[in-house]
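Let's go through a few labels together and ask what stands behind each one.

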Amino acid sequence: MYSLILGIFYGVSVHTVQSQITELKDLREAVAEQTVKESAYNILLSTLEETTIARSELSSRFLTQRDTVTFITEIEEEARLRGLEINTTNLALTEGTDDDFDTLLVSFQVLGQQTAVKDFLSLLELLPYHKVISNLNLRRQPNATEWQGEISIIFTLLP
Amino acid sequence: MIEHLQLQSLIRRITHASDNVSFKGSIIHPQRDWIIGIGVTILLLVGVGVINWQFYTIANTTPELTAEEMDTVVSYRGSLVERALTEYQDLADRYERNSFVASNPAAIPIEADVSTTTATSTADSMATSSVPVATSTPSSAATATTSVTDDTIDESSGTPTEVPMLAN
């Protein structure tokens, strides 16, 4: 009888200890996860402080919706200074997904002397913004000395 | 009513039954007690050993993080950022060198006859025309001359051509 009681007590004790061991294991994993998060947070904080200038410079390489009008005005002024006739033929905003930014498709059509048109199109290639040139055409106008250039650029927009 | 003989038989049966039991329930039985004691001790030692081993294992094992948890660790690729900044700075410099607006926002276009600079390659189309150029950007004018010279073959066909890059 006493052996049975002692055996049950022993079994319950072992089971209790086993449960506490499992709980200890879970707690250790939780502590490790929190430690990693804390470490990542500290690294992120220091990185943010160290990269303030770099992030500012990078941001300046992206257009924003607020800058769009000024930007297009500047481009049109640039074309006019080169003696070109310019039309903004397309301006389309595409909303990005959660992992992607919005994009702005801008298409220009310029008409003028060959050199000026080529220079202008080349200049647009040099725009120091994050962009993709999706379309570029250059052709001579039939029965005319003027050349026509068309370019479509997809700019990445910062929110 | 139990009779005397039946009672004797019952007592005998109980007495004989106790004789058949291999385990005699006496209070002191050295051999039995030793076996029980050693068995319980072994059981205790095994249990304590297993528990200690588990504690030792947990205490000396660093929990491994899953890939999802590792994703929370932020990695900053500084060299990539530096390279991107350098490339964009280079683009910006080239843009400013070739842009009329950026290099001189107050520049007023002056009508200038550039036939002398382009006559060698585009005599038919450019000689009689005048292209406004800003006097403050001589490099752009020189560049324009170069690009026309390189592309005289395509000019006559009127087909789409590749645009040459401006000078750096």
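Q: What makes a run of residues a strand here?
A: A strand is a DSSP run of type E with at least two residues, numbered from the N terminus. In this predicted model, A:Ser107 lies in strand E3 of chain A, which covers residues 102–112.

Q: Why is A:Ser107 called buried?
A: Buried means under 20% relative accessible area. A:Ser107 has 7%, so the label buried applies.

Q: What makes the pairing of A:Ser107 and A:Ser152 a polar contact?
A: The cut-off for such a pair of N or O atoms is within 3.5 Å. The side chains of A:Ser107 and A:Ser152 are joined at 2.8 Å.

Q: Which residues are in contact with A:Ser107, leaving aside its neighbours within four places in sequence?
A: They are A:Asn87, A:Thr88, A:Thr89, A:Asn90, A:Ile151 and A:Ser152.

Q: Which residues of H2(B) are buried, and what do they pack against?
A: The buried ones are B:Arg32, B:Gly47, B:Ile51, B:Gln54 and B:Ile58. The buried residues of H2(B) pack against helix H1 (2–50) of chain A.

Q: How many helices and strands are there in chain A?
A: Chain A has 4 helices and 5 strands, in the order α-α-β-α-β-β-α-β-β along the sequence. Of its 159 residues, 35% are buried.

Technical notes: Residues numbered from 1 in each chain as written. Chains lettered and ligands numbered in written order. Predicted model: local features only at pLDDT ≥ 70, side-chain atom pairs only at ≥ 80, totals over all residues. Heavy atoms only, no water. Buried < 20%, exposed > 50% of the residue type's maximum accessible area, 1.4 Å probe, protein only. Contact = heavy atoms within 4.5 Å. Polar contact = N/O pair within 3.5 Å; in protein donor to acceptor, adjacent residues only side chain to side chain.
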